[in-house]
Amino acid sequence: MKFKDYYASLGVERGASAEEIKKAYRKLARQYHPDVAKEEGAEETFKEISEAYQTLSDPEKRQAYDDLGRHRPGDEFHPSPEWETRFSRGGGRQQEVDLADLFEQMGFGRGAGGFGGGGFGGAGGPRGQGAAFPIRGQDVEVATELTLEQAAHGTEVAFSLSVPVLGADGRVEKQSRSGRIRVPRGVVEGERLRVPGKGGDGIAGGAPGDLYLEVRLAPHPRFRAVGHDLYLELPIAPWEAALGAEISVPSLDGPVAVTLKPGMRSGQKLRLAGKGLPHRRDGAGDLYGVIQIVLPETIGEREQALYRELAEASAFSPRHHLEAPPTDG
């Protein structure tokens, strides 16, 4: 008889756990079930993975299969006499049987949840009929773009999507669905919100899939979001940087009065705690004002005179570190 690699059929390692085998089977069953699959050969693939799962999901069958040893798929092989002595239940081995038939002859029969199409439905009968086990519906993902204000305070967004459903004639068709979803406050860029039961329909009584809403934040004219923190380029005048000042800084909740300390530098960050995007439950991120020292676009004669007076009075050299010759090592 020809060897079948059941582990390869399910895409798992030989040492895979029962849960890993079950998870792999469910994923492949949803993909290749005749009620939903469109690709050529899906029905045969479904029968193959069903046969593999029926063996590997049963500890006794799996042990018998593992004890057959390793062979390449399609290789001719015969179980050893020791194997037949250990596992045979009086069925006897024939020359023209496949691996599934061998297990059936051993008393692991198809009628008790074996490899036949009757145990799984759909694979051995008309499309859309006789599905004896439920298949969960497909998950669907849509993207939505929010303003920072909507992300901060929560909002309601409309969605429209196309999901696969099983028609009355057993054929899979696309159905348009729309609705509205409440988005809680505190969402951030890239977050995926799960809406249970709003995805594709299940098959044979299976649960519907879920809808996942992926959040995108629209560019803001003032703020840049990094997680729950916000960044703002904060321009100040040279005299405000040198002497300090009382200034007003915008935030999503309105202007905030801030005191600048004397000696502020370009690139320095001014932190406003709790003025970023709120967290889902308590607290919020921070707002960072990145200092930018800005000169007036036009300088009058009086201002020029004051700048010249300052230049003569000051010994400050912003390039002193560039004046000394570099040293080796």
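Is Arg136 buried, partly exposed or exposed? At 31% relative accessibility, Arg136 counts as partly exposed; buried means under 20% relative accessible area, exposed over 50%, and partly exposed in between (1.4 Å probe, protein chains only). The model is a predicted one, in which local features need pLDDT of at least 70 and side-chain atom pairs count only at pLDDT 80 or more, while totals for chains, interfaces and linings use all residues. Residues are numbered from 1 along each chain as its sequence is written, and side-chain values use heavy atoms, with hydrogens and water left out.

**The whole chain**

Begin with the protein chain in a cartoon view, where ten helices and eleven strands are found. Helices (H or I, at least four residues) and strands (E, at least two) are DSSP runs, numbered from the N terminus. Of the 329 residues in the protein chain, 37% are buried. Among contacts with a separation of 6 or more, 58% join residues 24 or more positions apart; contact means heavy atoms within 4.5 Å. A surface view shows about 19,700 Å² of accessible surface, 49% of which belongs to carbon and sulfur atoms. Accessible areas come from the Shrake-Rupley method with a 1.4 Å probe, and for residues only the protein chains shown count as cover.

**Stop 1: Arg136 and Asp210**

Select Arg136 and Asp210, which form a salt bridge whose closest N and O atoms are 2.9 Å apart. Arg136 is in the loop between α6 (99-108) and β1 (140-146), and Asp210 is in the loop between β4 (192-195) and β5 (211-217), so the pair ties together parts that are 74 residues apart in sequence. A salt bridge is a side-chain nitrogen of Lys or Arg within 4 Å of a carboxyl oxygen of Asp or Glu. By this rule there are twelve salt bridges. Asp210 is buried, with a relative accessible area of 5%, whereas Arg136 is partly exposed.

**Stop 2: two pairs between strands**

Next, select Glu141 and Arg192, a salt bridge with its closest N and O atoms 2.9 Å apart. Glu141 belongs to strand β1 and Arg192 to strand β4, so this pair ties together parts that are 51 residues apart in sequence. Both partners are partly exposed: Glu141 has a relative accessible area of 42%, and Arg192 has one of 45%.

Then select Glu156 and Arg180, where the closest N and O atoms of the salt bridge are 2.8 Å apart. Glu156 lies in strand β2 (residues 155-166) and Arg180 in strand β3 (residues 172-183), so the parts tied together are 24 residues apart in sequence. Glu156 is partly exposed at 42% relative accessibility, while Arg180 is exposed at 53%.

**Stop 3**

What is the relative accessible area of Leu146? This residue of strand β1 is buried, with a value of 0%. Not counting residues up to four places away in sequence, Leu146 touches Thr155, Val157, Val183, Val187, Val215, Arg216, Leu217 and Ala218. The C-alpha atoms of Leu146 and Val183 are separated by 9.7 Å, and these residues are 37 residues apart along the chain.

Move to Thr155 in strand β2, which is buried with a relative accessible area of 12%. Leaving aside neighbours within four places in sequence, Thr155 is in contact with Leu146, Gln150, Ile181, Arg182 and Val183.

**Stop 4**

Return to the surface view and select Lys23, Arg26, Lys27 and Arg30, which gather in a patch of positive charge. Patches are made of residues with over 30% relative accessible area and no salt bridge; like charges are joined within 9 Å, and nonpolar side chains (Val, Leu, Ile, Met, Phe, Trp, Tyr) within 5 Å. Lys and Arg count as positive and Asp and Glu as negative, with His and the chain ends not counted. The place of a charge is taken as NZ of Lys, CZ of Arg, CG of Asp or CD of Glu. Arg30 lies in helix α2 (residues 18-32) and is partly exposed at 32% relative accessibility.

Finally, select Trp239, Leu243, Leu295, Ile299, Tyr307 and Leu310, a nonpolar surface patch with about 620 Å² of accessible area together. The elements giving two or more residues to this nonpolar patch are α8 (238-243) and α9 (301-313). Trp239, in helix α8, is partly exposed, with a relative accessible area of 44%.
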